[in-house]
Amino acid sequence: MNNPSSQEKRYLPLFKVLSTHGLKGDLKVTLLSFNSEILNNLKTLHLKDKWDEPLEIEQIKKGPGFNIFILKLHNFDYEKAKELVNKTLYIDVEALPEVSEEEFYYYQLEGLIVRDERGKNWGRVVEVMPMGEYELILVRDEKRREFYIPLVEEYVAKVDKDAGIIFVKNIEALFESQS
């Protein structure tokens, strides 16, 4: 797994630019998140390796299709917009809305230790995947074996972001069924 630089850790991918839209510099983008509410007060976006040069947002409106939006950036004409096609636009994590103690962003779970009620460490969270009604966490143990745990009450007792631990119930059978 590549370790992103500390600079990159502050930014999360938010949009993938699909194409230009019209001739005035608008962009057709797909949202790389299931929470479109984060767009409500969004002011800037960033390009990889150009973190210090924020792109000012003029307008974001719903486009045609699932998770498609039309994005207008300040001072972007058609030629500038064409240069962004197939690029990813990032959001500064500090621009994300606050979440309650029980809520989390996926990136906040990546790297957390998974520990059961007997104190056994099962590994670390590698990835979080939305499955509709719940999420799956992909856990990798010290032997580099990977397995999934549904992020539901049946298996997860508590997520302690501050301690960096996801406390799970007995997951032995779940682990063995995937080995």
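This is a predicted model: local features need pLDDT of at least 70, side-chain atom pairs count only at pLDDT 80 or more; totals for chains, interfaces and linings use all residues.
Colleague: Let's zoom out. How many helices and strands are there in the protein?

Modeller: The protein has four helices and twelve strands. Its C-alpha trace spans about 60 × 30 × 30 Å along the principal axes.

Colleague: And what share of the residues count as buried?

Modeller: That's 39% of the 179 residues. On contacts, take the ones with a separation of 6 or more: residues 24 or more positions apart account for 49% of them.

Colleague: Which residues have the most contacts inside the largest nonpolar core?

Modeller: L14 and F15, in a core of 25 residues. Strands β1 (11-21), β2 (26-31), β3 (44-47), β4, β5 and β6 (88-92) each supply at least two residues of this core. β1 gives the most, with four residues.

Colleague: What is L14 in contact with, leaving aside its neighbours within four places in sequence?

Modeller: Quite a list: T30, L31, L32, S33, I38, L39, L42, L45, L89, Y90 and I91. Apart from that core lies another one, of 18 residues, and W122, V125, V128 and L174 are among them.

Colleague: Back to β5. Is β5 mostly covered or mostly open?

Modeller: Mostly covered, with six of its six residues buried.

Colleague: Which way do the residues of β5 point?

Modeller: I68, I70 and K72 point one way, F69, L71 and L73 point the other way, and all are buried. In a regular strand the side chains alternate between the two faces of the sheet.

Colleague: Which strands does β5 join up with?

Modeller: β2 is one of them: four bridges join β2 to β5, and the two run antiparallel. V29 has F69 as its bridge partner in β5. Then there is β4, joined to β5 by five bridges and also antiparallel. In that pair, I57 stands opposite L73.

Colleague: What's in the hairpin of β4 and β5?

Modeller: There are five residues between the strands, and G65 takes a positive phi near 100°. N67 lies in that loop too, between β4 (55-62) and β5 (68-73).

Colleague: Why does N67 count as buried?

Modeller: N67 has 16% relative accessibility, so it counts as buried, because the cut-off for buried is under 20%. Not counting residues up to four places away in sequence, N67 touches V29, T30, L31, S33 and K62.

Colleague: What about E56, where does that one lie?

Modeller: E56 lies in strand β4. At 45% relative accessibility, E56 counts as partly exposed, because that label covers values between the 20% and 50% cut-offs. Beyond residues up to four places away in sequence, E56 touches K43, T44, K72, L73 and H74.

Colleague: What separates the C-alpha atoms of E56 and Y134?

Modeller: 34 Å, and these two residues are 78 residues apart along the chain.

Colleague: New topic: how many bridges join β7 to β8?

Modeller: Three, between β7 (residues 113-116) and β8 (residues 121-130), which run antiparallel. R115 stands opposite N121 in β8. The hairpin of β7 and β8 has four residues between the strands, and G119 there takes a positive phi near 95°.

Colleague: And how many bridges join β8 to β9?

Modeller: Six, again antiparallel. The bridge partner of R124 in β9 is R140. β8 and β9 form a hairpin with four residues between them, where G132 in the turn has a positive phi of about 100°.

Colleague: What does R140 stand opposite in β10?

Modeller: E146. β9 (residues 135-140) and β10 (residues 146-150) pair in the antiparallel sense over five bridges. Their hairpin has five residues between the strands, and R144 in the turn has a positive phi of about 70°.

Methods. Residues are numbered from 1 along each chain as its sequence is written. Side-chain values use heavy atoms; hydrogens and water are left out. Two strands pair if DSSP finds at least two bridges between them. Buried means under 20% relative accessible area, exposed over 50%, partly exposed in between (1.4 Å probe, protein chains only). Contact means heavy atoms within 4.5 Å. A nonpolar core is a set of buried Ala, Val, Leu, Ile, Met, Phe, Trp, Tyr and Cys residues joined through side-chain atoms within 4.5 Å.
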